[in-house]
Amino acid sequence: MDCLFCKIIADEIPSTKVYEDDKVLAFKDINPMAPVHILIIPKVHIEGANALDSDNVGVVSDIMLTARRIAEELGLSEGWRLVTNVGEHGGQTVKHLHFHLLGGKKLNTELA
Ligand code: AMP
Ligand code: ZN
């Protein structure tokens with residue numbers, strides 16, 4: 001499948017991995033928007049939040065818990081943000097579900 005993040009999962013494209021288990025991979029965003037900018041993705045290919053259903057939504061819990069653990073490990077006790085972009089208007093450029101974990105500074109509160 002011609003998917004950038006599936007290739008990262010398969011180690012066909014290099015990444016700086018932060019966490020990995022059988023369901024989830026977390027790696028550093030190549031173009032960080034904050035001192036901490038990590039992408040957390042399911043290992044199974046899901047195109048985006050619009051493709052979630054009752055069969056595959058469980059991985060979102062795994063991603064949320066992964067985000068919470070990474071935030072704790074990186075000492076983001078002052079706060080952090082988890083964002084997923086959906087579709088063209090949402091600014092989604094990679095069609096594999098991913099959540100941006102952002103932190104390490106006081107983040108801009110203007111979301112849109
Ligand atoms: P989005 O705009 O929500 O689809 O986010 C896609 C993100 O993937 C962007 O923040 C990019 O900087 C990031 N990205 C693109 N290619 C790579 C890569 N090879 N390794 C790490 N992050 C990447
Ligand atoms: Zn994929």
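Before you colour anything, here's how residues are sorted by class: Ala, Val, Leu, Ile, Met, Phe, Trp, Tyr, Cys and Pro count as nonpolar, Asp, Glu, Lys and Arg count as charged, and the others, Gly among them, count as polar. Also keep in mind that you're looking at a predicted model.

**Stop 1: the ligand.** Select ligand 1 and show what surrounds it: 16 residues, the closest being Asp29, Asn85, Thr93, His98 and His100. Colour this shell by class and you get seven nonpolar, seven polar and two charged residues. The space that ligand 1 takes up is the largest pocket.

**Stop 2: polar contacts.** One is 2.5 Å from a side-chain N or O atom of aspartate 29. Next, click asparagine 85, where a polar side-chain atom sits 2.8 Å from an oxygen atom of the ligand. Glycine 91 uses its backbone instead: an N or O atom there lies 3.0 Å from a ligand oxygen.

**Stop 3: the elements around it.** Select α1 (4–9) and β2 (24–28), as each supplies at least two residues of the shell around ligand 1. The largest share, three residues, comes from α1.

Stop 4: Phenylalanine 5 belongs to helix α1 and phenylalanine 27 to strand β2, so to speak a link between distant parts of the chain, 22 residues apart.

Conventions
Residues are numbered from 1 along each chain as its sequence is written. Chains are lettered from A and ligands numbered from 1 in the order in which they are written. This is a predicted model: local features need pLDDT of at least 70, side-chain atom pairs count only at pLDDT 80 or more; totals for chains, interfaces and linings use all residues. Side-chain values use heavy atoms; hydrogens and water are left out. A residue is near a molecule or strand if one of its heavy atoms lies within 4 Å of it. A polar contact is a pair of N or O atoms within 3.5 Å; within protein, one must be able to donate a hydrogen and the other to accept it, and residues adjacent in sequence count only if both atoms are side-chain atoms. On a 1 Å grid over the protein atoms alone, a cavity is a set of points where a 1.4 Å probe fits but cannot get out, and a pocket is an open set with protein on both sides within 12 Å along at least five of seven lines; lining residues have an atom within 4 Å of a point. A molecule sits in a cavity or pocket if more than half of its atoms lie within 2 Å of its grid points. Helices (H or I, at least four residues) and strands (E, at least two) are DSSP runs, numbered from the N terminus.
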